[in-house]
Amino acid sequence: LRERMEDLPELLAHFAQELGKDRTVRFSDEAMRAMSRYDWPGNIREVANAVEYAIVLGDSTEVQLSDLPLAIQDDDRIRSEASAVPAATAEAGTLEEIEMRCILQAMARTAFNRTRAAQLLGITRRTLGYRIAKYGLEDDLEAMRRGELAPPGSDGDGPLPESPNL
């Protein structure tokens with residue numbers, strides 16, 4: 001299938017007709033885009049299973065992205081996010097700079113509670129402490145506590161995601 005992706009629409013139509021029985025099922029543009037970008041490691045059997053899953057769980061005659069198996073939805077989401085990364089990274093700076101801003105912002109959002117900041121960042125408290133020490137952020141955190149330094153994102157840096165994945 002990977003070598004003949006141009007056959008995917010025909011396969012989808014075949015399985016939709018076969019599995020849809022008495023109703024005509026079509027795929028939304030978003031669902032088609034996601035399925036055409038997916039690698040299909042299970043080959044044609046996985047296509048058939050995905051169509052069956054969508055038809056059984058879908059409540060309309062048009063299959064939406066949300067009706068598809070999570071593997072396809074996640075793959076589409078990851079590909080979409082990855083395509084946005086180069087522009088965002090160029091504006092945000094190096095990985096270390098982004099990580100430092102995320103740490104400072106998480107600490108500010110949680111009133112400097114390291115346990116809650118670590119949870120917000122999706123890391124352990126110990127890892128947070130290690131990274132604060134690694135980047136020498138103790139002085140910045142103390143200046144933020146005293147109000148002498150504004151948290152990142154409050155001075156034009158732009159807001160960072162609620163829960164970045166570090």
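Modeller: Let me start with a rule for angles: under 35 degrees counts as roughly parallel, over 145 as roughly antiparallel, 65 to 115 as roughly perpendicular, and the rest as oblique. Please keep in mind that the model is predicted.

Biologist: Thanks! How do helix 5 and helix 6 lie to each other?

Modeller: These two helices pack at an angle of about 125°, and their axes are 8 Å apart. An angle from 65 to 115 degrees would be roughly perpendicular and one over 145 roughly antiparallel, so what lies between those ranges falls to the rest. Helix 5 and helix 6 are therefore oblique.

Biologist: Which residues of helix 6 meet helix 5?

Modeller: The pair has a right-handed crossing. From helix 5 come Cys 102, Ile 103, Ala 106, Met 107 and Arg 109. By class, this contact has seven nonpolar, no polar and three charged residues. On the side of helix 6, the residues are Arg 114, Arg 116, Ala 117, Leu 120 and Leu 121.

Biologist: Where in the chain is Phe 112, and is Phe 112 buried or partly exposed?

Modeller: Phe 112 sits in the loop that links helix 5 (95–109) to helix 6 (114–121). Buried would need under 20% relative accessible area. Phe 112 has 21% relative accessibility, so Phe 112 counts as partly exposed.

Biologist: How far is Phe 112 from Arg 145 in space, C-alpha to C-alpha?

Modeller: Setting aside residues up to four places away in sequence, Phe 112 touches Met 107, Leu 141, Met 144 and Arg 145. Along the sequence, Phe 112 and Arg 145 are 33 residues apart. In space, their C-alpha atoms are separated by 7.6 Å.

Biologist: What is the handedness of the crossing of helix 5 and helix 7?

Modeller: Helix 7 covers residues 125–134 and packs on helix 5 at an angle of about 120°, with 11 Å between the axes. That angle makes helix 5 oblique to helix 7. As for the handedness, this crossing is left-handed.

Biologist: How many charged residues does the contact of helix 5 with helix 7 have?

Modeller: Helix 5 brings Glu 99, Ile 103 and Met 107, while helix 7 brings Leu 128, Arg 131 and Ile 132. Sorted by class, there are four nonpolar and no polar residues, and the number of charged ones is two.

Biologist: Let's move to helix 1 and helix 3. At what angle do they pack?

Modeller: Helix 1 spans residues 8–20 and helix 3 spans residues 43–57. Their axes are 9 Å apart, and the packing angle is about 50°.

Biologist: How many nonpolar residues are in the contact of helix 1 with helix 3?

Modeller: This crossing is right-handed. Helix 1 supplies Leu 8, Leu 11, Leu 12, Phe 15, Ala 16, Leu 19 and Gly 20, and helix 3 supplies Ile 44, Val 47, Ala 48, Val 51, Glu 52 and Ile 55. The classes include one polar and one charged residue, and the nonpolar count is eleven.

Biologist: Which element gives the largest share of the largest nonpolar core?

Modeller: That core has 23 residues, and Met 35, Trp 40, Val 47, Val 51, Leu 68 and Ile 72 touch the most other members. Helix 1, helix 2 (29–37) and helix 3 each give two or more residues. The largest share is six residues, and it comes from helix 3.

Biologist: Which residues does Ile 72 contact, leaving aside its neighbours within four places in sequence?

Modeller: Ile 72 is one of the core members that touch the most others. Its contacts are Ala 34, Met 35, Tyr 38, Trp 40 and Ala 50.

Biologist: Why does Trp 40 count as buried?

Modeller: Trp 40 lies in the loop between helix 2 and helix 3, and its phi is near 55°, a positive value in a residue other than glycine. Most residues other than glycine have a negative phi. Buried means under 20% relative accessible area. Trp 40 is buried because its value is 1%.

Biologist: And what is the relative accessibility of Asn 43?

Modeller: Asn 43 belongs to helix 3 and has a positive phi too, near 60°. Asn 43 counts as partly exposed, with a relative accessibility of 35%.

Biologist: To finish, what percentage of the chain's residues count as buried?

Modeller: The chain has eight helices and two strands, in the pattern α-β-α-α-β-α-α-α-α-α. Of its 166 residues, the buried share is 36%.

Key:
Residues numbered from 1 in each chain as written. Predicted model: local features only at pLDDT ≥ 70, side-chain atom pairs only at ≥ 80, totals over all residues. Heavy atoms only, no water. Axes fitted to C-alpha atoms, helices over the stretch in contact; angles between N-to-C directions. Helix = DSSP H or I, 4+ residues; strand = E, 2+ residues; numbered from the N terminus. Left-handed = near helix turned anticlockwise from the far one by under 90°. Contact = heavy atoms within 4.5 Å. Nonpolar A, V, L, I, M, F, W, Y, C, P; charged D, E, K, R; others polar. Core = buried A, V, L, I, M, F, W, Y, C linked by side-chain atoms within 4.5 Å. Buried < 20%, exposed > 50% of the residue type's maximum accessible area, 1.4 Å probe, protein only.
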